[in-house]
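Here is a brisk report on one protein chain. Keep the sequence and the 3D view at hand while reading.

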Amino acid sequence: MKTARLFCAVLLAATVLTAASAALADSGGAITEGRLDALGPDAKPLGPCPLKHTDVEVDVSGFIARVTVRQQFHNPFKDKIEAVYVFPLSQHAAIDRMTMKVGDRLVKGEIKERGEARAIYEAAKAQGKVASLLDQERPNIFTQSVANIEPGEQVDITISYSETLDWKDGEYSFDFPMVVGPRYIPGGGSAPAPMTTGQPTAEVPDANRITPPVTPEGTRAGHDISITVNLDAGLPLRRLDCKQHVVEVEYADRERTRAVIKLKQRKTIPNRDFVLVYETASDKIEDTVLAHTDERGNFFTLVLQPPKRVRQELIVPKEIVFVIDKSGSMNGFPMETAKRAMRLCIQGLHKNDTFNLMTFAGGVGFCFEKPVPLTDENRDKALAYLQSLQGSGGTEMMKAINACLAGQDDPERIRVVCFMTDGYVGNDMAIIDSVKRNAGTARVFSFGIGRSVNRYLLDGMARAGRGEVHYILDERQADGSAERFYERVRSPVLTDVELDFGGLEVTQLYPPRVPDLFSSTPVIVKGQYKKGGRGTITLRGKTGEGDFERKIDVTLPEKEPANEVLAPLWARAKVADLMQQNLAGVQRGQPDPAMKEEILGLGLRFQLLTQFTSFVAVEHLRITEGGKVRTVPVPVEMPEGVSYDGVFGRASGKGRGVALYSMSRAAQAKTMSAAPMGLRTNRPGKALADRAGAEVLSREGIANTLEKRLEKLDKDGKPEGQKKPLIEQLVKLKLAAELQTLAAKVAKEGTDGNLTIGKLQVKSGRVEIRIQLAALSDEVLAKLKALGFKELARAKSVKLVIGTIDVKQLEALTRLSEVRHVTASL
């Protein structure tokens, strides 16, 4: 099927853009405020872009939010279209639901392995069926594709996720990102400065998937947003503030424990984050343990209030390196805000500290050759250096990371890095990985400067550098940022944090190690437990007064059907921890196979969107008519406060929307099929080699030989004793080590068929396993079922099934020729 290529007011070169502007002016169809038209290859306006409206509804209860996002796509053209929209969500979102509404029909999205989901979507698209596909590009960037929207028709996509609210220094906060800021793509060689064009590079092979078209200067993207927050705080609300939007607040009860908050302008331009903060009548958060049990396990979330901050009498000398992003996207308001905040930080230095000032854009610059003592002369020189900075050029952040963490050779001082940036880079995962590998004893504090920054990168840098993140939305907030920074660095609330669960049998805790608390933030841990019971949890650490210890009595129930949101939140935390172990590999499109498989299993088991699983929905009962499908990438707004000059370079006149999405749709499709994030769909016959290499192929050959010999012995009616050595070899080949003697261990050591060995759990004689198959067909599944295998999830494209089986049947499982390898789901 031939696909017409169409871009929403996004052109391939400035010369074409000039010609298009002239053509529009001649035709009387000039683009003005309030609407952005899609342009065809001949530069003639074809009509509005296909995303009409986004409606967000947030239900907050306690410290958990359930967010529902409804995207309304319509087709204003005479031909059917495919709409492609790149948009942000919270980096902590556990996305577990997607539906598609076509007319009166509601189609539930299914979670599939990413390559398989793409194949289903493309097949439906080619067949003329209405279909939708939701992919994760980064933990905070997503792509929604909707195929075969008929002329004049509307398709509604609903996405739902849960997350835990932030609580810091007595204040709750909920953030909803509205726009993906322009990303600088490193590794482009001779690509034009200051921003590259979204072409894939060796450092960012999926660049075209995270750089949506930006609406030209002086125009609107044509879509808007409304937000409603239904807040149940549990205690009377003392203060409520929306940082960047005007809202209407209606209290639902006399005590003011519940409120409904709505954007006053219900058609708000989505060009800055929605940030809601509130305080309750209590300035502390109560100790809380929530639990949920189901067939997937027993889950809990623990929230413990922090101790009060104690000022330290002895201030440890520090070597503070201030790093400021002076790239093009920081030009104007962000740069002036960062300079104001850093000026206050420099003025607040302690007399025993040494310091340096570093800048980065296309390269790295220093105020001093090395950290210097705090003298009047050095302070004045640094302030003068700071005052001269202007935003321009690229964002080669990796160079700055390597420079600011190198040379930690002052034994008298702890290095503290204060990093100010908007985070608009495409290699964010590699940068977080570099901080993690190179931080050493240094602490990294990241400051997000701007109204719609890359929170995934900024949060990740602070977590990897064992520091803390802070967001400065405007110049007014810069004033208090320096004071809070020094308070947190000099007098942490709690360090060297440990949790002792006593006799409670808990497992798979996330985060595995509780980070130091620089602010008054709660200790939040998500985990699983083997059985219910009562116990005492001990929180230990160090404050400014010395050792700290507090005991909390808790009860974990045997059964608890409520709080079902805890299961996907735990799975999302585990996925994040697994990703942290191989971020550089994922960034290059070469993820560790074992890590990828474990994340894939979690995504399928918990119906969770991940880097390796996607939601797909197909309307099978309706076939659209017409052969042509126009592909329309939905443009996004430039984040408020970000300079077009800084991002795209200086040019005269309006309409500067140089394409960050400048690849042809055919090239994009080719790149998508290549699956840059290590998601390539294996070709027939290569799946096994791609997943485990030549060693596995050799193992398969040996297994085939053993199976043929056993088949002959069965046919000849030979006794079991003659078959036993062959069966033992087959078990060693096909079963993972932890499963080979599991049946015997359960019989000898188990209680009523229950046994726990590390992370491996046997319940009522059954164990959860992953089976790699030679073929995934109904016939093979029937054979597995005949052995008592109960399926939980499957990934058809990689021939993987997950489910439970009686441990006594593990040996019989290896006798099936279609079974290649069996591992435990840990």
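The report moves from the whole chain to its sheets, then to helices and single residues.

## The chain as a whole

This is a predicted model. The chain holds 20 helices and 41 strands. It has 826 residues, and 58% of them count as buried. Among contacts with a separation of 6 or more, 74% come from residues 24 or more positions apart.

Four strands make an open sheet in the order 13-14-19-16, with antiparallel pairing. Its edges are strand 13 (166-168) and strand 16 (237-242), each of which pairs on one side only. Neighbouring strands here are turned by 20° against each other on average, direction ignored.

Inside this order, strand 14 (residues 171-176) and strand 19 (residues 274-280) run antiparallel and are joined by five bridges. Which residue of strand 19 is the bridge partner of Ser 173? The partner is Val 277.

## A sheet with a helix packed on it

A further open sheet has four strands in the order 20-21-31-30, and the pairing is antiparallel. Strand 20 (288-294) and strand 30 (506-510) stand at the edges. Each has a single partner strand, so one side of each lacks a neighbour in the sheet.

Strand 30 is joined to strand 31 (residues 523-529) by three bridges, and the two run antiparallel. Thr 507 has Gln 528 of strand 31 as its bridge partner. Helix 9 (residues 566-580) packs on the sheet. That helix touches strand 20, strand 21 (297-304), strand 30 and strand 31. The direction of helix 9 makes about 65° with that of strand 30.

The loop between strand 30 and strand 31 contains Pro 511. The peptide bond from Tyr 510 to Pro 511 is cis, with omega near 0°. Most peptide bonds are trans.

## Pairings of strand 34

Strand 34 (residues 613-623) runs antiparallel to strand 9 (residues 110-113), and four bridges join the two. Lys 112 has Ser 614 in strand 34 as its bridge partner. Strand 34 also pairs with strand 10 (residues 129-138), in the antiparallel sense, over five bridges. There, Ser 132 stands opposite Ala 617 of strand 34.

## Helix 3 against helix 4

Two packed helices are described by the angle between their axes and the distance between the axes. For helix 3 (residues 333-347) and helix 4 (residues 376-387), the axes come within 10 Å and cross at roughly 175°. The two helices are therefore roughly antiparallel to each other.

Helix 3 contributes Lys 339, Met 342, Arg 343, Ile 346 and Gln 347 to the contact. Helix 4 contributes Arg 379, Ala 382, Leu 383, Leu 386 and Gln 387. By class, the contact residues divide into five nonpolar, two polar and three charged.

Helix 4 also holds Asn 378. Leaving out residues up to four places away in sequence, Asn 378 touches Phe 355, Phe 368, Val 372 and Pro 373.

| Residue | Relative accessibility | Class and source |
|---|---|---|
| Ala 462 | 3% | buried |
| Asn 378 | 14% | buried |
| Gln 607 | 36% | partly exposed |
| Asp 496 | 41% | partly exposed |

Why does Ala 462 count as buried? Its relative accessibility is 3%, and buried means under 20%. Ala 462 lies in helix 7 (residues 455-464). Beyond residues up to four places away in sequence, Ala 462 touches Val 444, Ser 446, Gly 467, Glu 468 and Val 469. Ser 446 is 16 residues from Ala 462 along the chain, and their C-alpha atoms are separated by 5.7 Å.

## Positive phi angles

Most residues other than glycine have a negative phi. Asp 496 is not a glycine, yet its phi is positive, about 50°. Asp 496 sits in strand 29 (residues 495-500). Gln 607 also has a positive phi, near 55°. Gln 607 is found in the loop between helix 11 (593-605) and strand 34.

Definitions and conventions: Residues are numbered from 1 along each chain as its sequence is written. This is a predicted model: local features need pLDDT of at least 70, side-chain atom pairs count only at pLDDT 80 or more; totals for chains, interfaces and linings use all residues. Side-chain values use heavy atoms; hydrogens and water are left out. Two strands pair if DSSP finds at least two bridges between them. Axes are lines fitted to C-alpha atoms, for helices over the stretch in contact, and angles run from 0 to 180 degrees between N-to-C directions. Buried means under 20% relative accessible area, exposed over 50%, partly exposed in between (1.4 Å probe, protein chains only). Contact means heavy atoms within 4.5 Å. Angles under 35 degrees count as roughly parallel, over 145 as roughly antiparallel, 65 to 115 as roughly perpendicular and the rest as oblique. Ala, Val, Leu, Ile, Met, Phe, Trp, Tyr, Cys and Pro count as nonpolar, Asp, Glu, Lys and Arg as charged, and the others, Gly among them, as polar.
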